[in-house]
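Work through the two exercises below with the model open.

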Amino acid sequence: MATEENGVVYGTEDLLTSLCNSVIRVLNVATNSKVHYSAMVQRITKIGLKPDIGCFVLFDGGFSGLVVLNFDGDTALEIYEKYMLNMGMPKSELASSFTSDEVANILGELMNQIVGDFTGKVRRELQTNITQNQPKMLVLTKQVMLSVDTPLDRPELRRVSFFTEKNNIFYLELAIDRTEFIKLHDFDTHEVADPDALLDFEQASEQKSSSPAAPDDDENSELLKSLGM
């Protein structure tokens, strides 16, 4: 990030990097595989949904924007299958076509988690708030362009290429208000506790507290009984 007289400036490319990191963080955990993105970003003039599956989410608040993920059929199926297998579903019960509603629903849920992770980081790191709508997932046979002229005053548009473990490609497109955040003074950013991790910790603690007595305790008890105590 650039440094100016007024402090650290956090701009469009920083927001884009944060969003890309949310994509790989969520997908790597959800699919138990490695997803990565290109070090090169494209500056584009139009944003839209492209075949075979397109998903978009609008967000608003401290700044406004539109996030689009575009998958071809093979990429959509790979992510869906890895997610379901990681959840313990048998392969024989999985959908075999990317046009299945189940595939679109899973990708929509992952999109929701990605943008949720991103909005959480915005609250912590930029000390502002944005809200998102429910992701809209569409199976497409042709390209659909989305207009961002109305909600955005000075839109900046970017596209980033992502690669799955099988080297399938999908694309993230971002349209966002031209904005900069300037850090006036230092502050602490606190990570939000993961509810699932906390639950696992509590369950482990309960199991530990209710576990059987250790072998040493059993031996001591037998010794006391042999002594008539």
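Rings of Phe, Tyr and Trp (its six-membered ring) pair if their centres lie within 6.5 Å. The model used here is predicted.

**Exercise 1.** Find which rings are linked into a cluster by ring pairs, and classify the pair of F162 and F170 and the pair of F63 and F181.

Solution. 
- Step 1. The structure holds six aromatic pairs.
- Step 2. For F63 and F181, the centres are 5.8 Å apart and the planes make an angle of 75°. Planes over 60 degrees apart count as edge-to-face, so this pair is edge-to-face.
- Step 3. Check burial, for which the limit is under 20% relative accessible area. F63 has 3% and is buried; F181, at 17%, also counts as buried.
- Step 4. F162 and F170 lie 5.1 Å centre to centre with 15° between the planes, a stacked pair. Both of these residues are buried.
- Step 5. The cluster linked by ring pairs consists of Y37, F71, F162 and F170.

**Exercise 2.** Describe how helix α1 (residues 12–31) packs against helix α3 (residues 101–126).

Solution. 
- Step 1. The axes are 9 Å apart, at an angle of about 135°. That angle makes α1 oblique to α3.
- Step 2. The crossing of α1 past α3 is right-handed.
- Step 3. Contact residues include L15, L19 and V26 of α1, and I114, D117 and F118 of α3.
- Step 4. By class, the contact has 10 nonpolar, four polar and three charged residues.

Technical notes: Residues are numbered from 1 along each chain as its sequence is written. This is a predicted model: local features need pLDDT of at least 70, side-chain atom pairs count only at pLDDT 80 or more; totals for chains, interfaces and linings use all residues. Side-chain values use heavy atoms; hydrogens and water are left out. Axes are lines fitted to C-alpha atoms, for helices over the stretch in contact, and angles run from 0 to 180 degrees between N-to-C directions. Helices (H or I, at least four residues) and strands (E, at least two) are DSSP runs, numbered from the N terminus. Angles under 35 degrees count as roughly parallel, over 145 as roughly antiparallel, 65 to 115 as roughly perpendicular and the rest as oblique. A crossing is left-handed if the near helix is turned anticlockwise from the far one by less than a right angle, and right-handed if clockwise. Contact means heavy atoms within 4.5 Å. Ala, Val, Leu, Ile, Met, Phe, Trp, Tyr, Cys and Pro count as nonpolar, Asp, Glu, Lys and Arg as charged, and the others, Gly among them, as polar. Rings of Phe, Tyr and Trp (its six-membered ring) pair if their centres lie within 6.5 Å; planes under 30 degrees apart count as stacked, over 60 as edge-to-face and the rest as tilted. Buried means under 20% relative accessible area, exposed over 50%, partly exposed in between (1.4 Å probe, protein chains only).
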